[in-house]
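Please keep the sequence and the three-dimensional view at hand while reading.

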Amino acid sequence: MFITLLLLAFALSLVFVPESQAYVVRTYALVATLLTMWAVTWLWWTFDASGHGLQMLVILGRSHIAFGIDGVALSLMLLTSVLFPICMLLLRSVAGFMTFILLEVLILGALCVLDLLGFYILFEASLILLFLLIGRAPYGSLEAAYKIVLYTMAGSLVLLPTLFMIYSECGTTNVLYMTCASNHQTVLGWGLLAVLAVKIPLMPVHLWLPEAHVAAPTAGSVLLAGVLLKLGGIGFLRFMLPVVPEFCVSVFPLVATLCLVSFLFSTLSTLRQIDLKKIVAYSSIAHMSLVTLAIFSQSEFSVYSSSFMMIAHGLISPALFMIVGILYDRAHTKFILYFSGLGASMPIGSTLFFLFTLGNLAFPLFPNFIAEILCLVSIFAVHELLAYVFCVCQVLGAAYGFWAFNRVVHGMPRGPSDVTRTEFNSVLPLLIGTVWLGLKPMA
């Protein structure tokens with residue numbers, strides 16, 4: 001919490017710094033995010049992994065607002081602290097550094113808070129910064145920015161009155177003390193499902209994600225795919241399953257149908273895309289639909305499989321967005337029709353693209369393979385036919401992955417220059433994490 005307050009103070013101090021000092025601010029911002037990563041690593045080192053409850057609880061007096069971490073939240077906090085130094089290397093303006101440091105404060109708070117209203121406030125506060133990031137002039141898109149606001153606010157307006165009703169009857173929205181929430185499981189359950197389905201996202205409230213990725217800068221896409229989508233997953237695991245368990249059981253057929261349709265629609269849509277960012281964005285929708293279904297299966301491995309899938313996706317998908325950003329910096333386009341023969345002009349970049357493409361389509365020895373196997377095991381435990389359908393549909397993921405790779409890397413050489421040392425070093429931590437997570441179960 002102390003590091004978070006220091007980050008907040010540093011972000012607010014950047015208001016008075018002129019844009020001409022952006023290079024100096026980058027150094028300080030990088031040091032601040034690295035200190036945060038060191039603090040979270042220390043939490044991970046001292047965390048008792050043998051326990052299954054909340055640890056390091058901090059309760060703020062009579063307000064009932066509490067903070068604590070469990071295994072899933074700590075894993076996502078570690079992922080967040082790793083991604084933000086990489087984002088600092090990709091930014092070029094003081095306003096960008098201030099926006100991203102404020103986002104880190106909000107995300108770390110949302111991962112630690114145990115109060116449902118506090119989670120809602122931190123959850124929605126990040127929307128303001130996302131709006132500024134996506135709608136920035138002249139490179140952003142106001143249409144995409146308004147679309148994410150409208151989709152998120154539609155779900156939020158369903159949840160907020162429900163939270164007020166729960167607070168009026170229980171006197172708190174802290175999950176540690178919400179003993180009377182079981183009397184309103186249906187109302188609260190629909191409110192949570194409405195807002196979290198937008199954030200994760202599921203069909204038919206997923207259309208904001210591809211547009212947001214296209215309009216966002218590379219650092220914004222890295223953050224959106226790596227961390228912000230996972231807030232929906234932690235919301236399901238921390239708030240929805242423990243608070244409204246009976247509703248989760250009753251709504252499983254509907255959620256399973258939405259996840260299956262989301263998976264099929266996103267993978268089939270990917271085969272028709274010509275924008276590289278949209279291809280990676282639609283693949284994220286497919287992966288997060290599998291995460292959601294594994295969570296709602298509530299089997300023996302559901303929590304472990306879904307959290308492992310979120311971590312694996314949080315390493316591989318940002319790396320793919322970084323590679324697309326490298327191509328955009330050179331060619332000033334993301335359309336796949338303008339790329340050909342990058343294997344000859346960008347051997348190192350093509351090798352990175354190949355490795356992360358294999359990881360994205362769940363090739364063996366990559367963490368996505370282990371995560372998808374665990375998710376399918378969780379689904380098999382509750383619905384065999386649904387698991388068989390998902391197994392067959394994995395072929396579509398391989399189809400769009402290899403199609404995009406072959407179209408970009410092979411053919412007549414007309415591509416840009418290879419990656420620089422700085423760009424390679426920016427992607428290297430994600431590559432190391434991917435290889436480590438993929439080989440760790442074999443140790």
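Thr434 has its place in helix α19, which spans residues 421-439, where helices (H or I, at least four residues) and strands (E, at least two) are DSSP runs numbered from the N terminus. With a relative accessible area of 1%, Thr434 is buried; buried means under 20% relative accessible area, exposed over 50% and partly exposed in between, with a 1.4 Å probe and protein chains only. Leaving aside neighbours within four places in sequence, Thr434 is in contact with Leu315, Ile316, Phe356, Phe366 and Pro367, contact being taken as heavy atoms within 4.5 Å.

The model is predicted, so that local features need pLDDT of at least 70 and side-chain atom pairs count only at pLDDT 80 or more, while totals for chains, interfaces and linings use all residues. Residues are numbered from 1 along each chain as its sequence is written, and side-chain values use heavy atoms, with hydrogens and water left out.

Phe356, one of the residues that Thr434 touches, also belongs to the largest nonpolar core, which has 151 residues and in which Phe100, Leu188, Met240, Phe296 and Phe356 have the most contacts. Such a core is a set of buried Ala, Val, Leu, Ile, Met, Phe, Trp, Tyr and Cys residues joined through side-chain atoms within 4.5 Å. Not counting residues up to four places away in sequence, Phe100 touches Phe84, Cys87, Met88, Leu91, Leu133, Ala219, Gly220 and Leu223.

His313 lies in helix α14, residues 302-331, and counts as buried because its relative accessibility is 1%. Beyond the residues up to four places away in sequence, the contacts of His313 include Lys230, His287 and Asn368. The contact is made by Lys230, Gly233 and Leu237 of α10 together with Val303, Ser306, Met310, His313 and Gly314 of α14.

Another pair is formed by α12 (residues 252-270) and α18 (residues 384-409), which pack at an angle of about 20° with their axes 9 Å apart, and these two helices are therefore roughly parallel to each other. Among the residues in contact are Phe263 and Leu264 in α12 and Phe390 and Trp403 in α18.

Gln298 lies in the loop between α13 (276-297) and α14, and Leu365 has its place in the loop between α16 (347-360) and α17 (367-380).

| Position | Feature | Angle |
|---|---|---|
| Ile200 and Pro201 | cis peptide bond | omega about -20° |
| Met203 and Pro204 | cis peptide bond | omega about 0° |
| Gln298 | positive phi, not a glycine | phi about 50° |
| Leu365 | positive phi, not a glycine | phi about 75° |

Gln298 is partly exposed, with a relative accessible area of 35%.

Notes:
Axes are lines fitted to C-alpha atoms, for helices over the stretch in contact, and angles run from 0 to 180 degrees between N-to-C directions. Angles under 35 degrees count as roughly parallel, over 145 as roughly antiparallel, 65 to 115 as roughly perpendicular and the rest as oblique.
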